[in-house]
Amino acid sequence: MKKLLVSAFLVVSLSAAAQYSLPAKSPRQTVEQQFSTSKITVDYGRPGVRGRKVLGELVPYGKVWRAGANGATKVTFAQAVNFGGKTVPAGTYGLFINPTDKEWKIILNKDAQQWGAYEYDEKLNVSEVSVPVQKMTEKQEWFEIELNPVDDHALDMVIKWDMTKVTVPVKVAKPEAVSRIVEKLREINTIEREK
């Protein structure tokens, strides 16, 4: 009887413990934003500063970094975009950063499945955009990527960490074609409402 009670206690304890987990040091986050006639999604790990010197040490200047923690950051464009002035076809890309003190080179790479930037291959780059570093007045403890709408067909991708942020403008790649599509969709919506 005693063995049966001990066994039952262990089973209950293990099942209760399975319901809980420790917080990840660099939790995963997915950000999604309606964009024009589709959406943009970013999936990334969020490392914390945790008292460390981040830029220039933890993330060395002049060396390609995975733009987050653990697996490569993935950016999915459901339609072709103008990413910082360069046309990028619809698809999923690895987002990498090559930082310096004054500017960051933001890189979209065809390989979105790698761990970190250990197998980064610049031959697979689809776009490279250099953007100026902006110093912030308040500390951003956790690495963060925001997708901030500007209008119906443009948004800013804002990347912040520690006391630094950069902004990459993202717009539709073919505004004339998208305007025609939007016009047709409005006509369809009007017809649907008249039924």
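I count two strands as paired if DSSP finds at least two bridges between them. Strands here are DSSP runs of E with at least two residues, numbered from the N terminus.

**Ground rules**

I am working on a predicted model, so I note that local features need pLDDT of at least 70, side-chain atom pairs count only at pLDDT 80 or more, and totals for chains, interfaces and linings use all residues. Residues are numbered from 1 along each chain as its sequence is written, and side-chain values use heavy atoms, with hydrogens and water left out.

**Entry 1: β9 and β10**

I looked up this pair first. β9 and β10 run antiparallel and are joined by ten bridges. They form a hairpin, with two residues between the strands. β9 covers residues 134–151, and β10 covers residues 154–172.

β10 has another partner. Strand β4, residues 81–83, pairs with β10 in the antiparallel sense over three bridges. There, V81 stands opposite V172.

**Entry 2: the open sheet**

In what order do the strands of the six-stranded open sheet come? I read β1-β2-β3-β6-β7-β8, with antiparallel pairing. β1 (28–35) and β8 stand at the edges with a single partner strand each, so one side of each is left without a neighbour in the sheet. On average, neighbouring strands of this sheet are turned by 20° against each other, direction ignored. For that angle, axes are lines fitted to C-alpha atoms, and angles run from 0 to 180 degrees between N-to-C directions.

I then checked β7 with β8. Seven bridges join these antiparallel strands. K105 has S130 in β8 as its bridge partner. As background, strands of a sheet pair through backbone hydrogen bonds, either parallel or antiparallel.

**Entry 3: aromatic pairs**

My rule takes rings of Phe, Tyr and Trp (its six-membered ring) as a pair if their centres lie within 6.5 Å; planes under 30 degrees apart count as stacked, over 60 as edge-to-face and the rest as tilted. The count comes to seven aromatic pairs. The W65 and F143 rings have centres 5.2 Å apart and planes at 85°, so this pair is edge-to-face. W65 lies in the loop between β2 (38–45) and β3 (73–77) and F143 in β9, so the pair ties together parts that are 78 residues apart in sequence.

W161 lies in β10 and W65 in the β2–β3 loop, so the pair ties together parts that are 96 residues apart in sequence.

I checked accessibility next. Buried means under 20% relative accessible area, exposed over 50%, partly exposed in between (1.4 Å probe, protein chains only). W65 is buried, with a relative accessible area of 12%. W161 is buried at 1%. F143 is buried too. Y44, W65, F143 and W161 form one aromatic cluster.

**Entry 4: W115**

Is W115 buried or exposed? W115 is exposed, with a relative accessible area of 53%. I found W115 in the loop between β7 (103–109) and β8 (125–132). Contact means heavy atoms within 4.5 Å. Leaving aside neighbours within four places in sequence, W115 is in contact with R66, N70, G71 and A72.

**Entry 5: the nonpolar core**

I define a nonpolar core as a set of buried Ala, Val, Leu, Ile, Met, Phe, Trp, Tyr and Cys residues joined through side-chain atoms within 4.5 Å. The largest one has 38 residues. F77, F83, I106, M157 and I159 have the most contacts inside this core. β10 gives the most to the core, with eight residues.

Not counting residues up to four places away in sequence, F83 touches F77, V88, I106, L108, S127, V129, M157, V168, P169 and V170.

**Entry 6: positive phi**

Which non-glycine residues did I note with a positive phi? S36 has one of about 55°, and A67 has one of about 60°. S36 lies in the loop between β1 and β2 and is buried, with a relative accessible area of 14%. A67 is found in the loop between β2 and β3 and counts as buried at 0% relative accessibility.

How values were computed: Helix = DSSP H or I, 4+ residues; strand = E, 2+ residues; numbered from the N terminus.
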